[in-house]
Amino acid sequence: MAGEEQCVRLVSTSVRMSEDTSDKLTKLSRLTGRSKSFYLRQAIESHIDQLFYEYTLLNEVEDIRAGRARTYSLDEVKADLGLDS
């Protein structure tokens, strides 16, 4: 419904980072008045889909190279689609 806020359940986690990154995060938090958790959540949520996609592709490539996934030649695909010449 229009105007209703979506309720999202947030969970807690722990993150280890370099001292340099931590310092930048602290400065950003102080500069803007937002929490460090806000920026960590924003960074993760804006990049997690791309990371998931990339690592899924890498796993598929590993499966193909290891012979665990079925592959098809161009001729097989053409024949299956009725595109034989």
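Mentor: Welcome! Let's start with one term: a helix here is a DSSP run of H or I covering at least four residues, and helices are numbered from the N terminus. Keep in mind that this is a predicted model.

Trainee: Thanks! In which helix is the place of tyrosine 55?

Mentor: Tyrosine 55 sits in helix α2, which covers residues 36-65. Threonine 56 is in helix α2 too.

Trainee: Is tyrosine 55 buried or exposed?

Mentor: The general idea is a cut-off: a residue is exposed if its relative accessible area is over 50%, and buried if that value is under 20%. Tyrosine 55 has 52%, so it counts as exposed. Threonine 56 has 30% and therefore counts as partly exposed.

Trainee: Which residues form a nonpolar patch on the surface?

Mentor: The patch consists of Val15, Met17, Ile44, Ile48, Leu51, Tyr55 and Leu58.

Trainee: Now the rings. How many aromatic pairs does the count come to?

Mentor: The count is 1 aromatic pair. Its partners are phenylalanine 38 and tyrosine 39, with ring centres 5.0 Å apart and planes at 85°. Planes over 60 degrees apart count as edge-to-face, and this pair is edge-to-face. Phenylalanine 38 is partly exposed at 23% relative accessible area, while tyrosine 39 is buried at 15%.

Trainee: What lies over the face of phenylalanine 38?

Mentor: Arginine 34 does, at 4.2 Å from the ring centre.

Trainee: On to charges. How many salt bridges does the structure hold?

Mentor: The structure has 3. To read one, look for a side-chain nitrogen of Lys or Arg within 4 Å of a carboxyl oxygen of Asp or Glu. Aspartate 20 and lysine 24 meet this way at 3.4 Å, N to O. In helix α1 (residues 19-32) these two are 4 residues apart, which means about one helical turn separates them. Aspartate 20 is partly exposed at 46%, and lysine 24 is exposed at 55%.

Trainee: What forms a salt bridge with arginine 68?

Mentor: Aspartate 63 does, with the closest N and O atoms 2.8 Å apart. Aspartate 63 is partly exposed, at 29% relative accessible area, whereas arginine 68 is exposed at 57%.

Trainee: And which side chain does glutamate 76 meet in a salt bridge?

Mentor: Glutamate 76 meets arginine 70, at 3.3 Å from N to O. Here glutamate 76 is partly exposed at 35%, and arginine 70 is exposed at 54%.

Notes
Residues numbered from 1 in each chain as written. Predicted model: local features only at pLDDT ≥ 70, side-chain atom pairs only at ≥ 80, totals over all residues. Heavy atoms only, no water. Patch = residues over 30% accessible without salt bridge, like charges linked within 9 Å, V, L, I, M, F, W, Y side chains within 5 Å. Areas by Shrake-Rupley, 256 points an atom, 1.4 Å probe, with all protein chains shown as cover. Buried < 20%, exposed > 50% of the residue type's maximum accessible area, 1.4 Å probe, protein only. Phe/Tyr/Trp six-rings, centres within 6.5 Å; stacked < 30°, edge-to-face > 60°. Lys NZ or Arg CZ within 6 Å of the ring centre and 35° of its normal.
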